[in-house]
Amino acid sequence: MRKPMSAEKIEQRKANKLLTPKQLLTDPNKTTFNVAEVCKILGVGRTTINQDIENKGTIINSVPALRVGKRIVFSATLLRNALGVSEIESTKKEGTTNEQ
């Protein structure tokens with residue numbers, strides 16, 4: 001039986017749903033992307049990604065699918081390079097200011 005998700009994990013998933021594809025792609029804290037995140041970034045459906053993985057083992061002809069247990073993940077660095085994203089924007093936390 002599956003363990004229930006922690007409140008922190010639930011909040012993280014909710015936050016990821018609110019990110020735009022560009023914000024998700026340029027998040028410096030991300031080292032891997034799951035299938036749902038790659039679908040959002042590329043603007044394609046799960047079926048398309050799953051067919052590419054099944055047929056070629058890669059997406060965009062150069063980003064390999066990595067199986068970790070039952071999960072499928074993709075290297076953030078390789079995906080960014082394949083899409084031509086060279087600079088990673090630093091994420092700004094809401095509610096912080098530099099005023100003194």
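Q: How many helices and strands are in the protein?
A: The protein has 5 helices and 5 strands. Keep in mind that this is a predicted model.

Q: In what order do the elements run from the N terminus on?
A: The order is α-α-β-α-α-β-β-β-β-α.

Q: What share of the residues count as buried?
A: Of the 100 residues, 24% count as buried.

Q: OK, the core. How many residues does the largest nonpolar core have?
A: That core has 16 residues. Those with the most contacts inside it are Phe33, Val38, Ile49, Ile59, Phe74 and Leu79.

Q: Switching topic. How many salt bridges are there?
A: The count comes to 2.

Q: Where does lysine 30 find its partner?
A: Its side chain meets that of glutamate 37 in a salt bridge, at 2.8 Å from N to O.

Q: Is lysine 30 buried or exposed?
A: Lysine 30 counts as buried, because its relative accessibility is 17% and the cut-off for buried is under 20%.

Q: What about glutamate 37, buried or exposed?
A: Glutamate 37 is buried too, with a relative accessible area of 8%.

Q: Now the other pair. Which side chain does lysine 56 meet in a salt bridge?
A: Lysine 56 meets aspartate 52, at 3.9 Å from N to O. That still counts, because the cut-off is within 4 Å.

Q: How many residues apart are lysine 56 and aspartate 52 in helix 4?
A: They are 4 residues apart, so about one helical turn separates them.

Q: How accessible are lysine 56 and aspartate 52?
A: Lysine 56 is partly exposed, with a relative accessible area of 44%. Aspartate 52 also counts as partly exposed, at 23% relative accessibility.

Q: Last topic, the surface. Which residues gather in the patch of positive charge?
A: Arg2, Lys9, Arg13, Lys17, Lys70 and Arg71 gather there.

Q: Which element gives the largest share of the positive patch?
A: Helix 1 (residues 7-18) does, with 3 residues.

Q: Where is arginine 13 found?
A: Arginine 13 is in helix 1. It is partly exposed, with a relative accessible area of 47%. That value passes the accessibility cut-off for a patch, because the cut-off is over 30%.

Methods: Residues numbered from 1 in each chain as written. Predicted model: local features only at pLDDT ≥ 70, side-chain atom pairs only at ≥ 80, totals over all residues. Heavy atoms only, no water. Patch = residues over 30% accessible without salt bridge, like charges linked within 9 Å, V, L, I, M, F, W, Y side chains within 5 Å. Areas by Shrake-Rupley, 256 points an atom, 1.4 Å probe, with all protein chains shown as cover. Lys, Arg positive; Asp, Glu negative; His and termini not counted. Charge placed at Lys NZ, Arg CZ, Asp CG, Glu CD. Helix = DSSP H or I, 4+ residues; strand = E, 2+ residues; numbered from the N terminus. Buried < 20%, exposed > 50% of the residue type's maximum accessible area, 1.4 Å probe, protein only. Core = buried A, V, L, I, M, F, W, Y, C linked by side-chain atoms within 4.5 Å.
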